[in-house]
Amino acid sequence: MKIEHLISQIHQKKSFLCVGLDTDLDKIPQHLLKEEDPIFAFNKAIIDATHTYCVAYKPNIAFYEAYGLQGWKSLERTMGYLNEMHPEVFTIADAKRGDIGNTSTRYAKAFFETLNFDSITIAPYMGRDSVEPFLDFENKHVILLALTSNQGAFDFQTKKIGDKELYKEVLEISKTYKNSERLMYVVGATKATYLEGIRKIVPESFLLVPGVGAQGGSLQEVCQYGMTQEVGLLVNSSRGILYASQGLDFADVAANKAKAIQMEMAIELEKLLQKS
Ligand SMILES: O=c1ccn([C@@H]2O[C@H](COP(=O)(O)O)[C@@H](O)[C@H]2O)c(=O)[nH]1
């Protein structure tokens, strides 16, 4: 998907919400377990209920790989459904891959060609030749982990190399990669105040921001420090939407949760329009 298409969706839907499809058989409503493919049945119900309130879906691949071949089939069906029924939504494979070049190319083919995702999350640790193979694909995007939402982010990402923190080096150096205009970055909502500094290095790049909802990050703070003229944000919520109810009404309750976030986003987008 072209970035202009994503931006136009954000303005049309007044939303920059990404719904995380972290589908866990231990948490989905019991009545779905009798379905032939419970993961897909749950995802389809969630997509049908939430697609008007969000612009992106992010299946976290771990939740599918955990169920082996059946999980992978459910992921394929979910992507097939999204591509056919909602081709306007941006899709993110939260896979956190990255390896030596020829291996990265195979990962890229798996997620961009076989599964037809628009983007994939990548760990930057193996450097340029592990990331650039993913950047070879036109209209596909690489979302590089910069400053993650978890506590462990402080183990390495904020440590200084010389006078600069590692996550800032990731941002600076990755801008020199071939096709770097296809890069986006992950920054946790729990690290919202860091966004001001991050925007000095990547003023226009889209940021995928997980960590609102279950992890306690603030949408308003993320917007205050991270929003650009072109919005530049995709804010993810997974458990806060998916598992708000485990009863028969789960999809309606998920829709209400997504709508509540979308309405807060509409206010932030209105503020942006007022400023310009
Ligand atoms: O820094 C990161 C990077 C990825 N994630 C992923 O996002 C979702 C968050 O789920 P919630 O239920 O909304 O907390 C999940 O798939 C994580 O693996 C992240 O949280 N932080």
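Author: Let us begin with a definition: helices (H or I, at least four residues) and strands (E, at least two) are DSSP runs, numbered from the N terminus. The expected span of a helix is 1.5 Å times one less than its number of residues. This is a predicted model, where local features need pLDDT of at least 70, side-chain atom pairs count only at pLDDT 80 or more, and totals for chains, interfaces and linings use all residues. Residues are numbered from 1 along each chain as its sequence is written.

Reader: What does the protein average in pLDDT?

Author: The average is 97, and 100% of the residues score at least 70, where pLDDT is the predictor's confidence in each residue, from 0 to 100. For the complex, the predictor gives an ipTM of 0.99 and a pTM of 0.98.

Reader: OK, how many residues does helix H5 have, and how far does it reach?

Author: Helix H5 runs over residues 101–114, which is 14 residues, and it reaches 19 Å from its first C-alpha to its last, close to the 20 Å expected. Just after H5, asparagine 116 takes a positive phi of about 60 degrees.

Reader: And which residues of H5 are buried?

Author: They are Ser104, Ala108, Phe111 and Phe112, where a residue is buried if 20 or more other C-beta atoms lie within 10 Å of its own, exposed if 12 or fewer, and partly exposed in between, with C-beta atoms placed from the backbone. What covers these buried residues includes strand S3 (90–97), strand S4 (119–122) and helix H6 (128–135); contact is counted if the C-beta atoms of two residues, placed from the backbone, lie within 7 Å.

Reader: What about H12, how far does that one reach?

Author: Helix H12 (residues 250–275) has 26 residues and reaches 38 Å from its first C-alpha to its last, close to the 38 Å expected. Its buried residues are Phe250, Ala254, Ala255, Lys257, Ala258, Ile261 and Met265, and among the elements covering them are strand S1 (17–21), helix H2 (38–50) and helix H10 (219–226).

Reader: Since S1 came up, why does leucine 21 count as buried?

Author: Leucine 21, which is found in strand S1, counts as buried because it has 26 C-beta neighbours inside 10 Å. Leaving aside neighbours within four places in sequence, leucine 21 is in contact with Asn43, Ile46, Tyr57, Lys58, Pro59 and Thr78.

Reader: Is isoleucine 161 buried or exposed?

Author: Isoleucine 161 counts as exposed because it has 9 C-beta neighbours inside 10 Å. This residue is found in strand S6 (residues 160–161), and, apart from neighbours within four places in sequence, isoleucine 161 is in contact with Leu166 and Glu169.

Reader: Changing topic, which residues come nearest to the ligand?

Author: Of the 18 residues around the ligand, Asn60, Thr148, Pro210, Ser238 and Arg239 come nearest, where near asks for a C-beta atom, placed from the backbone, within 6 Å of the molecule or strand. Strand S10 (233–237) and helix H11 (239–242) are the elements that give two or more residues to this shell.

Reader: How many of the shell residues are nonpolar, polar and charged?

Author: The shell around the ligand has three nonpolar, 12 polar and three charged residues; Ala, Val, Leu, Ile, Met, Phe, Trp, Tyr, Cys and Pro count as nonpolar, Asp, Glu, Lys and Arg as charged, and the others, Gly among them, as polar.
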